[in-house]
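Me: I have a chain open on my screen and would like to talk it through with you. Could you take my questions as they come?

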Amino acid sequence: MAERRRATIADVASHAKVSTTAVSKVIRNAYGVSPAMRERVNAAIEELGYRPHAAARAMRGRTYTIGLMLPHIRNPFFADILDGLMEQLGGTDYQAIMIQGGATRKTEQRAVDALVDRQVDGIIMVAPLASKTRLEEVAKGTPTVVLARHERSAVYDAVFDDDETGAELAVQHLIDLGHTRIAHITHQDDSVARAADLLHKIRSEAYERVMREHGLADEIAIATTYYTEEGGYQGTLELLARAPRPTAIFAGADQAAFGALAAVHESGLSVPADVSIAGYDNTRLAALPNIALTSIDQNGALMGETAGRLLLERIEGRTSAVRFSVTPSLVQRRSTAPPP
């Protein structure tokens with residue numbers, strides 16, 4: 001069976017009995033198109049199943065695509081960000097293209113370059129590893145919103161969580177339960193940003209500050225691994241090997257907390273009877289009854305929705321920089337309780 005020929009703009013013009021210029025104006029939502037003309041052209045587009053070629057749209061100045069760069073796709077919190085972004089784009093002509101940046105600055109740069117080469121109209125970068133200088137180089141050519149970095153820039157917008165407050169909520173919660181031997185699992189990566197702009201550094205420093213403020217400086221114990229299940233697992237084994245072992249662990253991400261849960265159980269201990277565990281992100285998995293993880297909620301859907309809104313504003317011509325901070329909250333579940 002012969003493959004059906006793809007409809008062209010000329011086909012649409014012929015079907016609607018208008019010029020190709022008129023069809024082009026409707027597609028571009030250009031000024032000066034009458035409602036009747038728009039209705040006829042859109043009806044023809046619908047009947048013929050016409051889709052403009054991305055390359056052709058790019059030549060006219062816009063592709064109606066947005067690039068979303070994630071470090072990886074394993075973290076369930078990123079799904080919340082994507083949900084919020086798609087909600088924001090739902091009433092527009094824009095589609096999101098997702099790409100994985102990877103664990104190194106080199107792979108991340110290749111991913112961003114790929115988006116730029118495909119002439120996306122804007123880019124949202126989630127927790128990028130690149131330097132501020134590099135981010136601004138990209139943003140000067142393509143409208144950009146950076147999510148989960150705290151630095152100030154006049155060139156791109158920033159959406160982030162108040163990570164200091166969130167970490168303080170988690171540690172204070174464990175102290176209020178009566179814990180004094182509270183440990184922390186933090187993250188390491190290939191980033192060249194200032195420590196004060198990186199979420200994991202901010203959370204770790206807030207943990208140490210709250211511990212010192214409560215006279216618990218001698219109880220500070222940090223395992224530097226990764227915000228992954230494997231990192232949380234290895235970090236927890238390291239912390240449990242200390243004497244005396246901690247009675248509570250604050251993991252800087254839910255993913256690491258999931259690994260911590262596994263390590264505690266495999267060590268012959270139970271949560272929370274022997275060790276309380278708190279995470280960060282309040283992912284949907286954390287709320288599952290068999291996990292019931294106490295976690296810090298930073299509203300990933302709101303972050304994704306806001307990043308999308310700000311990016312569309314950038315695409316439409318806004319040049320002033322915007323910084324949007326999400327206020328976190330504590331969600332207590334069964335993984336934390338008073339110490340034994």
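Me: Which residues is proline 328 in contact with, leaving aside its neighbours within four places in sequence?
Reply: Proline 328 is in contact with Asp161, Asp162, Thr165, Gly166, Leu169, Tyr280, Ile296 and Asp297, where contact means heavy atoms within 4.5 Å. This is a predicted model, in which local features need pLDDT of at least 70 and side-chain atom pairs count only at pLDDT 80 or more, while totals for chains, interfaces and linings use all residues. Residues are numbered from 1 along each chain as its sequence is written, and side-chain values use heavy atoms, with hydrogens and water left out.

Me: And where does proline 328 lie, and is it buried or exposed?
Reply: Proline 328 lies in the loop between strand 11 (323-326) and strand 12 (329-331); helices (H or I, at least four residues) and strands (E, at least two) are DSSP runs, numbered from the N terminus. Its relative accessible area is 7%, so proline 328 is buried, a term that stands for under 20% relative accessible area, with exposed over 50% and partly exposed in between (1.4 Å probe, protein chains only).

Me: Switching to helix 9, what does it pack against?
Reply: The buried residues of helix 9 pack against strand 5 (157-161), helix 8 (163-176), strand 6 (182-187), strand 7 (221-225) and strand 9 (276-281). Those buried residues are Leu199, His200, Ile202, Arg203, Ser204, Ala206, Tyr207, Val210 and Met211.

Me: How far apart are the end C-alpha atoms of helix 9?
Reply: They are 21 Å apart, which agrees with the 21 Å that the 15 residues of helix 9 (residues 199-213) should span at 1.5 Å a residue, the expected span being 1.5 Å times one less than the number of residues. Just after helix 9, glycine 215 takes a positive phi of about 70°.

Me: What angle do helix 8 and helix 9 make?
Reply: Helix 8 and helix 9 pack at an angle of about 40°, with their axes 8 Å apart; axes are lines fitted to C-alpha atoms, for helices over the stretch in contact, and angles run from 0 to 180 degrees between N-to-C directions. That angle makes helix 8 oblique to helix 9, since angles under 35 degrees count as roughly parallel, over 145 as roughly antiparallel, 65 to 115 as roughly perpendicular and the rest as oblique.

Me: Which residues meet there?
Reply: From helix 8, Asp163, Glu164, Ala167, Glu168, Val171, Gln172 and Ile175 meet Leu199, Ile202, Arg203, Ala206, Tyr207, Arg209, Val210 and Met211 of helix 9. By class, the residues of this contact divide into nine nonpolar, one polar and five charged, where Ala, Val, Leu, Ile, Met, Phe, Trp, Tyr, Cys and Pro count as nonpolar, Asp, Glu, Lys and Arg as charged, and the others, Gly among them, as polar.

Me: What about helix 1 and helix 2, how do they pack?
Reply: Helix 1 (residues 9-16) and helix 2 (residues 20-27) pack at an angle of about 105°, with their axes 8 Å apart, and are therefore roughly perpendicular to each other. Ile9, Ala10, Val12 and Ala13 in helix 1 meet Thr20, Val23, Ser24 and Ile27 in helix 2, a contact with six nonpolar, two polar and no charged residues.

Me: Back to the strands: what is threonine 186 in contact with, leaving aside its neighbours within four places in sequence?
Reply: Threonine 186, which lies in strand 6, is in contact with His200, Ser204, Ile222, Ala223, Thr224, Thr225, Tyr226 and Tyr227. Threonine 186 is buried, with a relative accessible area of 6%.
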